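Here are my notes on the model you sent over.

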Amino acid sequence: MMYLNGKSFNKGIVKFTDYKIYKQQIIEIFNSYKNLRGNLNDGIDVKSLENKISNLKNNQFIIAVAGEVKAGKSTFINSLIKEEILPTDVLQATNALIEIFYSKKPYLKITYASGKVEVLEDETKDLLKEKLKKVAAIPEEYRDIPVNLIDLYLLEYGNIPIIDEEFIKYLEERSGIENLKEVRYKLENYIMSRSKDNIPIRIELGYPFSWEFDEIRLVDMPGVNAIGGVHDLSFTFLEKANAILFIHPIKPIESESLKRFVSSVITNKSKETLFLILTHSAVFFEEKERLLEEAKRIYSSIISPDRIFVVDSILKLIYEDLEKGKTLEEIKKQSRHKRKWVMYFQDLAEEEGLEEKKAFLSYSGFEELIPVLENFLVSVPFLELTKILESILDGYKEQISIYQETIELLQKQKRDREDFLKEIERMQKGLKKLETYCYLILEEAATIFMGVHSPIEARLNEFKMTYYDIFLNTKELEELRKYYRDAENGLNQLVKENLKQISEFFRKRLEQVGEQFKEEYNISVPKIDLSAIEEACRREVIRKEPIIEEKLESLLENWNFLKPWKWFKSERTKKIIVGSREIFDKEAFLKILRNSLLENFIEVVEKLRDEFYKALNFYKAKIGYILEEKRNRLENLKKELKSNERIDYEILMIEKKITLIEKEVKKIKALYKILQ
Ligand SMILES: Nc1nc2c(ncn2[C@@H]2O[C@H](COP(=O)(O)OP(=O)(O)OP(=O)(O)O)[C@@H](O)[C@H]2O)c(=O)[nH]1
Ligand SMILES: [Mg+2]
């Protein structure tokens, strides 16, 4: 329909507003479904549907905005949310990321490395802006010292190092900055001013923005370092992000940091969510088309061309000012930044005979970006919507078939009780036989899907070998982190695919059996919600919750979201003694970490296999349960003696219900058609 793996976009562009409308409709459809269904088991796993609905309700879209220092990240976000609230032109502290979300009242929460929390509510925009600047930015005078390294040292070791030659050498080596000795006093001053109590690690900003914004969380990431690296908390966010926007000035077009970011930081999975946003297009306005084409060519192997855009955030901000009723003259006077661009593009607009406001928006490039971005973000949940509709439709179909079967039986009962009892007995016999059949199918499944020659074994082994090699050959800590994550994600995928195969197998077999039983015993094989079973199994196998369900609030405790990773890091940190100081020995640490990860990885794979086998039992239990229920229903029908009036009344009620269901089905089908 729309796109697969974010690779290609077709005609159907979905906007947030559309999505929100459809979502609301589907929530209503689900509520009616729950009512109409009552206690009747139509084979649909209502709990699982309910989960999906509640996920929809709490859905959050995370947009991570990453890029090198000074690339224009904060300005870009400001222009997107139409408020100049994030500090720009100040160096963002390396360990502070700022999350921005919609809130009716302004709200600012700052969490420091020590755990200390500060909350500001109901403050004015200017005050929030000031506070943000103070907290998230690094003072100008420290720009030439490796503040991020010092902060990281503090975060890792908790104490402030003595600044001696060794430490200065350590800083120089790791930062690539030379002659730090000469600014020793700066180092001292900086270190004196830092403690876990004033290193912010998470800043949450709620504000009544005027974008269709309430489900979006934008994250202003600290600049990736020159070699494209990010620290663990940033990595966590990148992993969770629904879209990663890598901001890069349009010139120079070639970016080492982007290449490294892609090759060694973000996981394969996240690669599918990556956008490249080239900013500052106003500065090279004449060349921008050419540069865009060049970027698409240069980055074709790492990023899909329909996810590369050229924008100018300042032009967008000018447009927003105009939207708010300011005149170009006023804008010129108020902002030094904008002045030059107002003048240049005002002229251009005049030349081209364009209306001012329109011109600035069009020159900004955001008109192209925003629809694609919105569509990209809602496409996945959109698919989820259609899946929910499909399940409900299946449920209704089964309900109608159960009701019709019941009406038939009731009519038979009215005509001839003998005959009716015989029919029920025949059906019960059929069900008994069906149960045996189902177990046979399960046996068959076990031989196909379990054991040394099963497809999952082959895949698991292959997988193990691949990652074994990758781990062993990884020389950088950061890459190891990415590959470990890749391995975990890969396992998830592997499990998913294999469970799907099992489900497919059951689906086909049950269909065959169904035809046979319909003819022989006049019973329909009860509907089994295989996709819900699949999901339940997946939850058993992979303990990690799907991202959507994860509460963002718990992220801080999940500072170690990368659990094994973090665990190894903190438990097995290898330090060596250099002179009087313990210094982090990267080589030794990497070796230990690599081995630990390997051990852990293999353990996970083994465990996974066990769990996977258990999944088959899960199918068995579910199928057994559904068949038993159907038998009980027949048993009850048999026992009950009913007068003809009673029977007529029941039939009438059932027919009424069928009419209601048919009405809903019609509604769903209409909506389904739109969504397709
Ligand atoms: N003309 C033009 N200037 C821009 C654009 N984006 C950012 N700038 C300017 O570039 C400078 C840096 O922008 P910031 O938004 O602070 O960059 P940043 O990536 O957030 O920087 P750090 O947080 O320190 O890493 C500011 O002076 C902005 O006005 C753009 O699209 N066009
Ligand atoms: Mg910034």
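1. Which residue stands opposite R217 in β8? I62 does. Bear in mind throughout that this is a predicted model. The pairing here is between strand β1 (residues 61-67) and β8, which run in the parallel sense and share five bridges.

2. While you're at β8 (residues 216-220), have a look at how covered this strand is: five of its five residues are buried. I216, L218 and D220 point one way, while R217 and V219 point the other way.

3. I98 stands opposite D220 in β8. β3 (residues 97-102) also runs parallel to strand β7 (residues 200-207), with six bridges between them. In that pairing, L97 stands opposite R202 of β7.

4. Now the sheet as a whole. Nine strands make up an open, mixed sheet, and the order is β5-β4-β7-β3-β8-β1-β9-β10-β11. β5 (117-121) and β11 (308-310) stand at the edges with a single partner strand each, so one side of each has no neighbour in the sheet. From one strand to the next, the twist averages 20°.

5. At the β11 end, check helix α11 (residues 288-298) too. This helix lies across β10 (274-279) and β11, and runs at about 165° to β11.

6. A helix pair to look at next: α1 (residues 16-37) and α23 (residues 644-675). Their axes come within 11 Å and cross at roughly 160°. Angles over 145 degrees count as roughly antiparallel, and α1 and α23 are therefore roughly antiparallel to each other. The crossing of α1 past α23 is left-handed. On the α1 side, the contact is made by Y22, Q25, I26, I29, S32 and L36. The α23 side contributes K657, L660, I661, E664, K667, I668, L671, I674 and L675. By class, that contact has ten nonpolar, two polar and three charged residues.

7. Last one: is D486 buried or exposed? This residue sits in helix α19 (residues 477-521). Its relative accessibility is 4%, and buried means under 20%, so D486 counts as buried. Leaving aside residues up to four places away in sequence, D486 touches T267, N268, K269 and Y467.

Notes:
Residues are numbered from 1 along each chain as its sequence is written. Chains are lettered from A and ligands numbered from 1 in the order in which they are written. This is a predicted model: local features need pLDDT of at least 70, side-chain atom pairs count only at pLDDT 80 or more; totals for chains, interfaces and linings use all residues. Side-chain values use heavy atoms; hydrogens and water are left out. Helices (H or I, at least four residues) and strands (E, at least two) are DSSP runs, numbered from the N terminus. Buried means under 20% relative accessible area, exposed over 50%, partly exposed in between (1.4 Å probe, protein chains only). Contact means heavy atoms within 4.5 Å. Axes are lines fitted to C-alpha atoms, for helices over the stretch in contact, and angles run from 0 to 180 degrees between N-to-C directions. Angles under 35 degrees count as roughly parallel, over 145 as roughly antiparallel, 65 to 115 as roughly perpendicular and the rest as oblique. A crossing is left-handed if the near helix is turned anticlockwise from the far one by less than a right angle, and right-handed if clockwise. Ala, Val, Leu, Ile, Met, Phe, Trp, Tyr, Cys and Pro count as nonpolar, Asp, Glu, Lys and Arg as charged, and the others, Gly among them, as polar. Two strands pair if DSSP finds at least two bridges between them.
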